[in-house]
Amino acid sequence: MSSNYYEVLGVSPDATQDQIKKAYRRLARELHPDVATGDGAEERFKDVSRAYEVLSNPEKRQMYDRGVDPTAPGGGQAGFGAGFGFQDIFETFFGAAQGASAQRGPVPRARRGQDALVRLDIDLAEAAFGVHREVPVDTAVLCGTCQGTCCRPGTSPRTCEVCGGRGVVQRVARSFLGQVMTSSPCAACHGFGTVIPEPCPECSGEGRVRSRRTLSVDVPAGVDTGTRIKLTGQGEVGPAGGPPGDVYLEVRERQHDTFVRRGDDLHCTLEIPMTAAALGTVVQLETLDGVRDIDVRPGTQPGDVLVERGLGIGHLHVGGRGDLNVHVDVQIPTTLDEEQEALLRRLAELRGEERPASRMAPAHPGVFAKLRDKLAGR
Ligand SMILES: [Zn+2]
Ligand SMILES: [Zn+2]
């Protein structure tokens, strides 16, 4: 589909409404599915109709000139099922033809399909390194029997007899203001201007059928709960084989048994006995990268954080990785046998700590920050 609506209609960007209307009429006569048989004529007809829908409406044209395509659905507007665009709702309540738009032509049968939102559960290691996944999706796809024309093979749409193919009917209503000319979408053809005399048996005239497919997806390192991965054009095919919407994969990360993620850094708590904290030791820690030796220096304090650089989560799209922060928790023995108690008493004696004087540490925000982190399970 061409993106420049002016080029599609073959008019210059400063064309008048009259010139746009004339260009559309000429192309519609040439490309209408009832007369055109050439390859791609139907696709071009859809493009032309869409271009006219935008350029014939001064508001939409202004939007388009500012770089916004008013026929494209809002970004991130993902949903399931039979949704309605703003256009549909507007037309349902106010009629397709109000004021200036009274001259607009039939609405295209084909419309863009809905976006689909699919949840993707991953574990922490997959978020850290990225992962390849096969994701099953259940969406509408183009009907292979009618290729989106909605017609039984060998038949074609017929011009609506009620509105003569214009898609709208006009009537004169009397009101206390006098006679008012109103026009509304033709009920016989739902504003399409054509009717399908023999619907395709495969899709019941929908132009699309439901199908379960598997999408191959490379999930990059660094995704997090809430990250959306957009798969352009993999969503629902629209009514009458309209262009497909997008699939959004929404990531949800499973909680890990020992690691907590904060941004791209990981935090865990390492419990070591009091003696090891005092004497120093090397602990083997199961990280996402396998078993690593963690050096615990002599005199390590409760709440100390040992930072292992680059063992965290990969940064999304930019490379590099966060850190693994090992929070030390020092375990004090709760029971001592006779020999152990004797040894500890001897140690206290040697260190002159049998009756330690009360010594208050200076108030230091760092202490409470550590405590708060500890309470929060970081
Ligand atoms: Zn079909
Ligand atoms: Zn009609």
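Analyst: What follows begins with the metal sites and then moves to the chain around them.

This is a predicted model, in which local features need pLDDT of at least 70 and side-chain atom pairs count only at pLDDT 80 or more, while totals for chains, interfaces and linings use all residues. Residues are numbered from 1 along each chain as its sequence is written, chains are lettered from A and ligands numbered from 1 in the order in which they are written, and side-chain values use heavy atoms, with hydrogens and water left out.

For reference, the ideal angle for four tetrahedral donors is 109.5 degrees. Cys200 and Cys203 are both buried, where buried means under 20% relative accessible area, exposed over 50%, and partly exposed in between (1.4 Å probe, protein chains only).

The zinc ion (ligand 2) is held by the SG atoms of Cys160, Cys163, Cys186 and Cys189 as protein donors, at 2.2 to 2.3 Å. The arrangement around ligand 2 is tetrahedral because its 4 donor atoms subtend angles of 104 to 115°, and the spacing of its donors along the chain is C-x2-C-x22-C-x2-C. Cys160 lies in the loop between strand 3 (158–159) and strand 4 (168–175), and Cys189 in the loop between strand 5 (178–185) and strand 6 (194–195), so the pair ties together parts that are 29 residues apart in sequence; helices (H or I, at least four residues) and strands (E, at least two) are DSSP runs numbered from the N terminus. Cys160 is buried because its relative accessibility is 2%, and Cys189, with a relative accessible area of 1%, is buried too.

Turning to the whole chain, its secondary structure comes to 9 helices and 15 strands, and buried residues make up 37% of its 378 residues. Of the contacts between residues at least 6 apart in sequence, 66% join residues at least 24 apart, a contact being heavy atoms within 4.5 Å. The protein chain exposes about 22,900 Å², of which carbon and sulfur atoms supply 52%, with accessible areas taken from the Shrake-Rupley method with a 1.4 Å probe and, for residues, only the protein chains shown counting as cover.

The structure also holds 22 salt bridges, each defined as a side-chain nitrogen of Lys or Arg within 4 Å of a carboxyl oxygen of Asp or Glu. One of them joins Arg210 to Glu236, with the closest N and O atoms 3.2 Å apart. This pair links distant parts of the chain, with Arg210 in strand 7 (residues 208–219) and Glu236 in the loop between strand 8 (228–231) and strand 9 (247–253), 26 residues apart. Arg210 is exposed, at a relative accessible area of 54%, whereas Glu236 is buried, at 6%. Another salt bridge joins Asp224 to Arg261, with the closest N and O atoms 3.6 Å apart. Asp224 lies in the loop between strand 7 and strand 8 and Arg261 in strand 10 (residues 260–262), so this pair ties together parts 37 residues apart in sequence. Here Asp224 is partly exposed, with a relative accessible area of 28%, and Arg261 is buried, with 11%.

Finally, Phe259 lies in the loop between strand 9 and strand 10 and counts as buried because its relative accessibility is 6%. Leaving aside neighbours within four places in sequence, Phe259 is in contact with residues including Leu124, His267, Cys268 and Leu288. The C-alpha atoms of Phe259 and Leu288, which are 29 residues apart along the chain, are separated by 9.3 Å.

Notes:
Donors = N, O, S within 2.8 Å, 3.2 Å for Na, K, Ca; no water. Tetrahedral: all angles 85-135°; square planar, octahedral: opposite > 155°, others 65-115°.
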